[in-house]
Amino acid sequence: MRTAFIDQLVKEARINDKIFLLVGDLGYNVVEPFADEFPDRFRNVGIAEQNMAGVAAGLSMVGYNVYIYSIGNFPTLRCIEQIRNDIAYYKGNVKIVSVGAGYAYGSQGVSHHATEELGMMRSIPNIVVCSPCDPIEARCITMISANYDGPMYLRLGKAGEVVIHEQFVQDLNIGDILPVLKTDGTEKVILSSGSILGDALKSAKEKGVDIYSIPFVKPLNKCQMVDIANRYSDITILEENQKSCGVGSAVIEVISDLYCTGEIHRFPKIKRIAIEDQFYHLSGSQSYLRKQAGLVL
Amino acid sequence: MDIGKCEDFAKDIRRMSLQLAHNANSSHSGGALSMSDILAVLYSGIIHVTPETVDSPNRDRFVLSKGHCCASLYATLGLRGFLSLDELLEGYGKDGTVYFSHVSHHLNGVEVSSGSLGHGLPVAAGLALGSIASKTAFDVYCLTGDGELDEGSNWEAIMFAAQNELSNLCLIVDYNKIQSLGNVKDIIDLAPLADKFKAFNWKVVEIDGHDCKEIADAFSIFKNEHKKPTVIIGNTIKGKGVSYMENQLMWHYKAPNDVQLKQAMEELK
């Protein structure tokens with residue numbers, strides 16, 4: 001995913017001289033193509049995320065579309081107040097990019113487990129929250145972000161994700177929910193977001209269950225949510241984030257609102273598979289930690 | 001620059017700041033008074049921005065990082081025609097107006113909102129970098145308090161600004177030696193502050209922050225510096241200009257009542 005991101009960003013920067021990339025001293029073997037081609041629009045700000053977010057805010061006020069890049073929780077939790085006060089409040093044109101969603105840096109320790117930031121980003125007004133499931137979605141979202149004037153959070157996997165989409169998703173809009181497997185006749189659906197969707201695919205195929213990707217955790221396309229709630233009576237949400245604040249929370253909030261306003265007349269059964277308010281302190285790969293946390297269908 | 005006029009302007013800023021604090025029953029009068037001379041000089045021909053050019057891409061930017069002391073910035077902007085003085089006097093700190101008592105960018109002539117400390121300088125550094133990168137030549141001024149320098153984000157930005165040779169960035173420290181719960185030297189002593197900035201590769205000018213001539217000269221030094229970011233350390237007095245407020249911690253919190261306001265206005269004639 002990170003390679004798809006930087007590759008697309010370089011393409012966008014060739015046609016848009018307002019794209020600026022700041023990195024917090026991370027991105028070895030990833031960000032070099034951008035740094036080499038656009039040295040005037042690239043800075044390694046050092047290991048200083050608060051300053052990175054503030055500098056990004058300042059650059060955006062001069063007209064740049066600024067990407068701040070780091071891994072895990074560093075570009076989000078470490079500088080959450082700068083993101084809120086200096087970026088989101090102004091609808092600043094800043095894209096916060098974090099590589100290593102969920103347990104992607106599993107063996108590196110709890111400090112590197114990005115398992116709460118989805119909720120934190122989601123709770124701040126004005127931020128579009130993106131969580132692509134594969135390199136294709138990551139590329140599409142990067143393209144959108146290059147042309148979107150406002151703050152976005154790009155929650156990226158690391159590398160080696162299962163490729164879900166066979167080709168570039170044409171006409172993707174912010175908020176769209178993408179069907180991955182859709183058959184007639186089933187009342188059951190899996191909604192997932194991020195690379196963990198790849199884990200669900202095999203099981204969904206075997207069980208004849210539909211599956212959708214949620215590339216944008218915020219906003220969620222309301223019309224599509226109405227369709228999903230009307231079409232399926234049994235929804236399972238699989239995500240790699242704390243249960244209290246992630247994708248499942250977002251979906252349930254929308255469905256609950258739709259039910260209360262009478263836009264849907266049935267409240268589907270919703271099962272949530274997410275991290276149960278815990279840290280996992282034993283070292284392990286992403287797949288090991290997903291199992292430990294019970295993130296399996 | 002007419003120094004006499006600057007001094008008069010500073011008095012007007014102080015009077016208006018206290019009137020605002022009185023009207024809204026708001027705090028932070030002491031810190032508003034300590035920075036008034038700096039603002040008076042800055043807005044007497046140093047900073048290139050006028051009510052007509054507030055949206056111009058090449059206007060100079062001013063970032064008030066000690067946003068709790070916005071009364072004196074609002075007073076300055078009101079007296080210079082960026083804001084309506086009547087609306088300001090009536091609306092400051094009141095329900096349903098844009099006049100928060102921490103600085104808000106929703107006001108004409110205000111670039112950046114602040115209130116949480118340690119935010120202004122990183123944003124100012126980004127503006128300065130943006131000026132250089134986009135070849136839109138403008139200067140960026142940022143005013144911080146002294147207690148605010150406890151925040152690590154400032155030191156991240158201080159290192160960044162030197163590394164990137166942001167010579168168009170001027171930081172002014174309102175060094176009034178009193179922070180929220182007491183004397184700066186007893187909480188996190190900043191001394192030797194000038195040496196700290198020198199060690200961080202900044203151009204350092206240390207002045208009496210109430211002497212308009214010294215302030216103006218310091219800005220000239222900044223404008224002639226082409227390699228390093230500049231810090232002007234203004235040694236100031238919290239509550240400057242009002243005898244009963246000077247160096248008194250409680251005026252970080254209190255607003256002047258009718259009698260106190262009257263006395264202050266007399267002293268500031």
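**Cavities and interface**

In chain B of this predicted model, helix 1 (3–24) and helix 2 (29–34) each supply at least two residues of the lining of the largest cavity. Helix 1 of chain B gives the most to that lining, with 3 residues. The volume of the largest cavity is about 40 Å³, and a search of the whole structure finds 2 cavities of 30 Å³ or more. Among the residues lining the largest cavity are Ser17(B), Leu18(B), His68(B) and Tyr92(B). By class, this lining comprises 5 nonpolar, 6 polar and no charged residues.

Turning to the second largest cavity, its volume is about 30 Å³. Strand 1 (61–64) and helix 4 (70–79) of chain B each supply at least two of its lining residues. The lining includes Tyr43(B), Phe62(B), Leu73(B) and Glu111(B), and its residues divide into 7 nonpolar, 1 polar and 1 charged.

I now come to the interface. The contact takes 27 residues from chain B and 22 residues from chain A. About 1900 Å² is buried between the two chains, with carbon and sulfur atoms giving 59% of that area. Of the area that chain B buries against chain A, His119(B), Glu156(B) and Phe160(B) supply 28%, more than any other three residues.

Which polar interactions are counted between chain B and chain A? There are 11 residue pairs in polar contact, whereas the count of salt bridges is 0. On the side of chain B that touches chain A, helix 6 of chain B provides the largest share, 9 residues. That side has 11 nonpolar, 13 polar and 3 charged residues.

Notes
Residues are numbered from 1 along each chain as its sequence is written. Chains are lettered from A and ligands numbered from 1 in the order in which they are written. This is a predicted model: local features need pLDDT of at least 70, side-chain atom pairs count only at pLDDT 80 or more; totals for chains, interfaces and linings use all residues. Side-chain values use heavy atoms; hydrogens and water are left out. Contact means heavy atoms within 4.5 Å. Buried area is the accessible area (1.4 Å probe) that two parts lose on being put together, summed over both. A salt bridge is a side-chain nitrogen of Lys or Arg within 4 Å of a carboxyl oxygen of Asp or Glu. A polar contact is a pair of N or O atoms within 3.5 Å; within protein, one must be able to donate a hydrogen and the other to accept it, and residues adjacent in sequence count only if both atoms are side-chain atoms. Helices (H or I, at least four residues) and strands (E, at least two) are DSSP runs, numbered from the N terminus. Ala, Val, Leu, Ile, Met, Phe, Trp, Tyr, Cys and Pro count as nonpolar, Asp, Glu, Lys and Arg as charged, and the others, Gly among them, as polar. On a 1 Å grid over the protein atoms alone, a cavity is a set of points where a 1.4 Å probe fits but cannot get out, and a pocket is an open set with protein on both sides within 12 Å along at least five of seven lines; lining residues have an atom within 4 Å of a point. Grid points are joined across faces, edges and corners, and a volume is the space filled by probe spheres set on the points.
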